[in-house]
Amino acid sequence: MEIGKLPNEVLQKIVLDNIKFKREEVLIHAGIGEDCAVLDFGEKGCIVSSDPITGATKNIGKLAVNISCNDIAASGGEPIGIVITMLIPPTATIKDIEEVMRDAGNEASRLNVEIIGGHTEVTDVVNKMVLVTTVIGSQEKSKIMGLGENIEPGDKVIMTKYVGIEGTSIMAHDLEDRLKGSISEELIEEAKSLTKFISVVKDGKIATDNGAKYMHDITEGGLLGAAWEAAIANNAGIVLYEDSIPILQSTKDISQYLGINYLKLISSGSMLIFASEEKSDDIIKGLEKENIKGTIIGEITEKKSIILKSREGDIDIKPPRSDEIYKVI
């Protein structure tokens, strides 16, 4: 099988279709394009999400905290507590473990999230450190994404920041020696610095407060994968305009050098947002006030197709496969 997330058709058939039992307290169930489950806790919903870090080898404590908190933010909620499971290879040192937990602790403090537990285990079933984080958040039920919003043709598709943020950062950190001599030192340093943009907690709060209808953080499968999943989750058609998609020069040059498609590159740090045309302006202005770039890159269509409009013509966006990062990491 390909490295990375299970293809969505396989996920549906062998995983989701085998989840037979449903409880009435669960407001949002497991499903393609759903970043989180939501439980009914009276006036508020309890939002839960879980994710692993498997592709990167550096900054994994920081990444692990952010990716699950980002999912909570994509549901319109506030992350409160995080549980970390750490699977440690026998080759790791005490210093390695301490560094990961120091990074995780610092990032959790920055995001106002408490590390409330987890599990640490040295095991020879892994050959590098693997972190799995589960984050619990909350929000008033009326503000949780996916509980009653009506996605309509003409709604705009907004993307925050830039395409390929996380993947670019991982490649710059883990493949720095390979890139040197072909990519300028300035662009390598720009790419490494992108870890500071990994969180979308602020993006999600701004979009929620300004009337977003749906959000999906852009992780494995990149922008095109996220767009496909978002369309399926909302039973909607989407058209994206390639020329409108914001990209940094470091992402473009590193991707071209390594032969990967940055539109299919893991991009934690970017949020995909659906909103009405009127609310889109409010969201972008709200983002700009916090120095966060927001760009309209497409819109919802009546026809249930998922299209990328490029200079070469219309391209059908297919279900996401293995992320481009695994071609080089």
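Helices (H or I, at least four residues) and strands (E, at least two) are DSSP runs, numbered from the N terminus. This is a predicted model, in which local features need pLDDT of at least 70 and side-chain atom pairs count only at pLDDT 80 or more, while totals for chains, interfaces and linings use all residues. Residues are numbered from 1 along each chain as its sequence is written, and side-chain values use heavy atoms, with hydrogens and water left out.

**View 1. The whole chain.** Let us start with the overall picture. The secondary structure comes to 10 helices and 13 strands. The C-alpha trace spans about 55 × 50 × 40 Å along its principal axes. A compact globule of 329 residues would have a radius of gyration near 20 Å, and the 19 Å of this chain agrees with that; the radius is taken over C-alpha atoms, and the globule rule is 2.2 Å times the number of residues to the power 0.38. Of the 329 residues, 50% count as buried (under 20% relative accessible area, with a 1.4 Å probe and protein chains only). Among contacts (heavy atoms within 4.5 Å) with a separation of 6 or more, 82% are between residues 24 or more positions apart.

**View 2. An open sheet of 7 strands.** Follow the order β8-β10-β7-β11-β9-β12-β13 in this sheet, where the pairing is mixed. At the edges you will find β8 and β13, each of which pairs on one side only. Neighbouring strands here are turned by 25° against each other on average, direction ignored. Inside that order, β7 (residues 156–160) and β11 (residues 294–301) pair in the antiparallel sense over 5 bridges, and Ile158 stands opposite Ile296 in β11.

**View 3. A helix across the sheet strands.** Helix α7 (residues 201–209) lies across β7, β8 and β10. Against β8, helix α7 runs at about 170°; axes are lines fitted to C-alpha atoms, for helices over the stretch in contact, and angles run from 0 to 180 degrees between N-to-C directions.

**View 4. Tyr214 and Phe274, an aromatic pair.** Rings of Phe, Tyr and Trp (its six-membered ring) pair if their centres lie within 6.5 Å; planes under 30 degrees apart count as stacked, over 60 as edge-to-face and the rest as tilted. By this rule the count comes to 1 aromatic pair. Tyr214 and Phe274 form a tilted pair, with 5.2 Å centre to centre and 40° between the planes. Tyr214 sits in β8 (residues 214–217) and Phe274 in β10 (residues 271–275), so the pair ties together parts that are 60 residues apart in sequence. Both Tyr214 and Phe274 are buried.

**View 5. The hairpin of β2 and β3.** Strands β2 (residues 37–41) and β3 (residues 44–53) run antiparallel and are joined by 5 bridges. Asp40 stands opposite Gly45 in β3. With 2 residues between the strands of this hairpin, look for Gly42, which takes a positive phi near 80°. Strand β3 is also joined by 10 bridges to β6 (residues 130–140), and these two run antiparallel. Here Asp51 stands opposite Thr133 in β6.

**View 6. The hairpin of β12 and β13.** Strands β12 (residues 306–310) and β13 (residues 313–316) pair in the antiparallel sense over 4 bridges. They form a hairpin with 2 residues between them, and Ser310 stands opposite Gly313 in β13.

Note on methods: Pairing = 2+ DSSP bridges.
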